[in-house]
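Hello,

Here is the structure I promised to send over. Please have a look at it first, and then read on for my notes.

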Amino acid sequence: MLPLDVHIEYNPWVMARNAKPEGDMLQGTLDMLILRTLVLGPAHGHSIAHAIGRSSDDILQVEHGSLYPALYRLEDRGWIAASWGVSDNNRKAKYYRLTRTGKRQLATETGRWDRLAKGISRVLRPAD
Amino acid sequence: MRWPRWFRRARRHAESGQEIQFYLDQETEDNVARGMPPDEARSAARKKLGNPGLIQEEIYRMHSAAFFETIGKDLRFALRTMRKNPAFAATAVLTLALGIGANTAIFSAIDAVMLRTIAVERPHELVQVQQWLPEYNPGWAWAIFTYSDFTLFRDNNQVFADMAAASRRIANARIGADPEAGKGAYVSANFYSMLGVRPYIGSLAIDWSTAVLDYRFWERVYGGDPSVIGRALVVDDKSYTIAGVAALGFDGIDAGEPLDFTVPIEVSGTSAVSHGQFGPNSPWLQIVARLKPGRSISQAAANLNVIYAPIFADRVAQFAAQHRHAPIDWITVRSAASGISRVRDDYSRAFLILIAVAGAVLLIACVNVTNLLLARSAARTREFGVRLCLGAGRARVVSQIMTESLTLCLAGGIAGMMLARWIGASLAGMLASGRQTVELDLHLDARVLVFTFALTTFATIIVGLVPALGATRVSPNDLTRRTSPFQGSRWIRIGFLVAQVAVSLVLVAGAGLFLATLRNLETLDAGFRRDHIVLATIQPEKAGYDGARRNEFYREFLDRLRQSFGVRSASLSLIAPMIGMSLAVPIQIEGYAPQPEEQMAVALNEISAHYFETTGTPIIAGRDFDAHDDDPATPRVLINESVARRFFKDTNPLGRIITFRANVSHRAEIIGVVGDAKYANMRGHAPLTMYANLLQTDARMAPWVEVYASDDAHAAAALRQTITAVNPNVPLTGLTTFNRQIQASLVSERLMATITAIFGALALLMAAIGLYGVLAYSVTQRTREIGIRMALGAQRGRVISMVMRGMAVTLVGGLALGTAVALALGRFVASMLYDVKPHDPWTLAVAIGLLSAAAALAAYLPARRASHVDPMIALRYE
């Protein structure tokens, strides 16, 4: 089982604490997933949300709402860039694409994740 | 947070709204495409997204400075809360204002006297030169030099860029009929150029006949008229031409004693100086110098000591013989960046104690307001709990409570500033009643503002943080319970009460000590009578009397005076008691071999016959001066009992010979012994005092005339009439009374007693209010419990004693702590007390009694209310 913020129950304490997104380990994970999705090309929020769900075979139930603050944060960091465009069905939509620093960030994050996952699976299944 | 983002936050808020809308539209469309009915499709989309408001808020907060955004809201909320409970707000603000105001006022006095630099160029280079005269004034630096000393230093030193001399404010300007319209100083020609003071108008280049005016004096007396340049100013009967007005802000170099004008020391361009009584070898000048760049104060002192060594050679030899070691430095140098204030020396200790006391008052004020807030925040626990449940972060609630305390404290700070001006004015008024009229410039400068701001911040933290942290430590579950969940604060409040009682006890006991000191000094037997003695100085030299003619004038004047209506006795003296001057001379006694290191010096006064009759000091042995003693060839003296005891022990001092040097050497016969009397100060023992005959010596200063009459008014009238009758041209100035001089000599003591008494009373009041508030609150909280007790048969008396017992424990704890602290702090004030020990048990007992009485009263009111609880109403209460 992966340690992700998949499931948020409405609880005043959790909400209050969630108001401070910095320093959360899980936050970094969501960021990574967004960056990974954007490797395939520019996309808007709606399609990113669905893409994350789809590509993980719906194991990762990202609450779609929590995606938007993450997108803004990534944009502020300069990892993704946004521009307004027109969606497939002619609606005005905000498209995000990966920047060069974003690509670099994804590479380092992926490398780190791989090492972490390898390490954890070694602990959990030492027999392999 | 980056600022560009902050400015774009509104646009981004709109963007995020559009984006979320796009998501909902798209998702709905997809759902419809999958075959859902439109309504269901939309609600499914919403479910999938979550709460759009929260999402947008999170994004918004990312781009905003939450602090600035929320503070406005919190401020409005705080003001609304204050309006809703004006009694609480007024109490809190007033309490804080008193605390902050007291501190600000005393700090501004400290600032004016001790911290602020004088308005000259590069003040930190300025130093004052002092000399050390152990035989005159043990342990006391003496700042007065002769003109020869000044020129010696000025012409031979290697450490000063420039050096100037100035007298104290001894010059009097005659304007119209008022011979004392302004007080100024004699200064050396380079005074203004050395200090780097610029003219406001005219020129500050002093030559031997020019006067320079102080800006404020110019405004006050001449109405700021620029045509004053070139006009004449009569100072001590000599006419000077006004050359210029010094720049606004420069008030001379004595902080607290502003100059009205200056006139030159040097007369007729020669360096030989004589101003009335001052010759080149009379000490009357203060020396101020500017260090050369890179020179230090210690280098300067070393250099001056080398220069001064030959002059002190005989003294050095004498010292070495007596003390068997080489003397320490005779000349000391100290920074004059803040001026060369006597006020600083006189009052700095008093001010430091007062600011500590004011600090304690502020602390009590803060604790009081904290307690009020704690009680209130306990009552508001539900409100805070609901806020927390609705998703407010704890920090958010804390910041809201802090904003409320900040609002209170800011209001208190502003009111305190206004109070400070008022307190400061009365403080300055009290100081101005002293022997030297001290004028404090209490304008609010940056340092005072910063100090007040720091106090306000400090108060906010004390007042706000404890209730804020306590009140927010509430779990939402507590809301379901009816009782106050905020039990932790009870102990904090009790702790605060104990501290408050303790600090109040210390302040009240301290006030008691200072009041006792003042009373002791005001009522002690000084060795002379106080009532109905009027004093004035007369200067027959100014009307042309000199030498023998002067003595004739004195005799005629005194004879006539004694015959005036109501006058019982009249006499002259060089120095009047308590005017703040003293004269001391080294002596030798024939037939007395001094011990090694024994100090052979006595205080000297020069008097006329009948002086002791006038002052009421008894003549114990021998006789007073009489008309036959005026011949300078046969000098005679009287001594006081202390001198007799010290130097003559059991032998008869009458007829023995004392040699001393005052201007010229005298070899005088002792003709009488008089009772001990205080001399320059009410404190301390009466000094060893010797009285010489004023008519036998050259008077170096204008003498005082003392008149003892049936009534002050009679005495003053007799003085004026007699001078008019004998010679109206003889100036009669400085009319005052013995009593007024004594009062003036006790300004520092009165200041301490008055202010500590006011602060003590304040502390007492605040402690009582604090106790009352907390107890009243707890009675309200326990209404139900008390109702049940009474329903079960508890008597009223029992309820009262139950409530008061709770208070008694707090009180006893506080009193014990306060007693310990008071005893520990006693030694810091010991030197300021007189005839009362810092551990005086009576003072402490009275203070404890006062506090207990106040506490009992504060506890009784809520207790009585508790005993009137109607069980039926109490039980229905919830």
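A residue is called buried here when its relative accessible area is under 20%, exposed when over 50%, and partly exposed in between (1.4 Å probe, protein chains only). This is a predicted model, in which local features need pLDDT of at least 70 and side-chain atom pairs count only at pLDDT 80 or more, while totals for chains, interfaces and linings use all residues. Residues are numbered from 1 along each chain as its sequence is written, chains are lettered from A and ligands numbered from 1 in the order in which they are written, and side-chain values use heavy atoms, with hydrogens and water left out.

Salt bridges

A salt bridge means a side-chain nitrogen of Lys or Arg within 4 Å of a carboxyl oxygen of Asp or Glu. Over all chains, the search of the whole structure gives 30 of them. Helices (H or I, at least four residues) and strands (E, at least two) are DSSP runs, numbered from the N terminus.

Arg73(A) makes a salt bridge with Asp31(A), with 3.5 Å between the closest N and O atoms.

Since Arg77(A) lies in H4 of chain A and Asp31(A) in H2 of chain A, the pair ties together parts 46 residues apart in sequence. Is Arg77(A) buried, partly exposed or exposed? At 41% relative accessibility, Arg77(A) counts as partly exposed.

In chain B, Glu121(B) and Arg198(B) meet in a salt bridge of 2.9 Å, N to O. The two residues are 77 residues apart, Glu121(B) in the loop between helix H6 (86–115) and strand S1 (126–132), and Arg198(B) in the loop between helix H8 (191–195) and strand S6 (199–202). Glu121(B) is partly exposed at 29%, whereas Arg198(B) is exposed at 55%.

There is also a salt-bridge network that links Glu75(A), Lys94(A), Arg11(B), Glu15(B) and Glu19(B).

The sheet in chain A

Strands pair if DSSP finds at least two bridges between them. Chain A has an open sheet of 3 strands in the order S1-S3-S2, with antiparallel pairing. Strand S1 (43–44) and strand S2 (80–86) of chain A are at the edges with a single partner strand each, so one side of each has no neighbour in the sheet. S1(A) is joined by 2 bridges to the antiparallel strand S3 (residues 92–98) of chain A, where Tyr95(A) is the bridge partner of His44(A).

H4(A) packs on this sheet, touching S2 and S3 of chain A, and its direction makes about 50 degrees with that of S3(A). Touching, or contact, means heavy atoms within 4.5 Å. Axes are lines fitted to C-alpha atoms, for helices over the stretch in contact, and angles run from 0 to 180 degrees between N-to-C directions. From chain B, helix H2 (residues 9–33) lies across S1, S2 and S3 of chain A, at about 100 degrees to S3(A).

Best wishes
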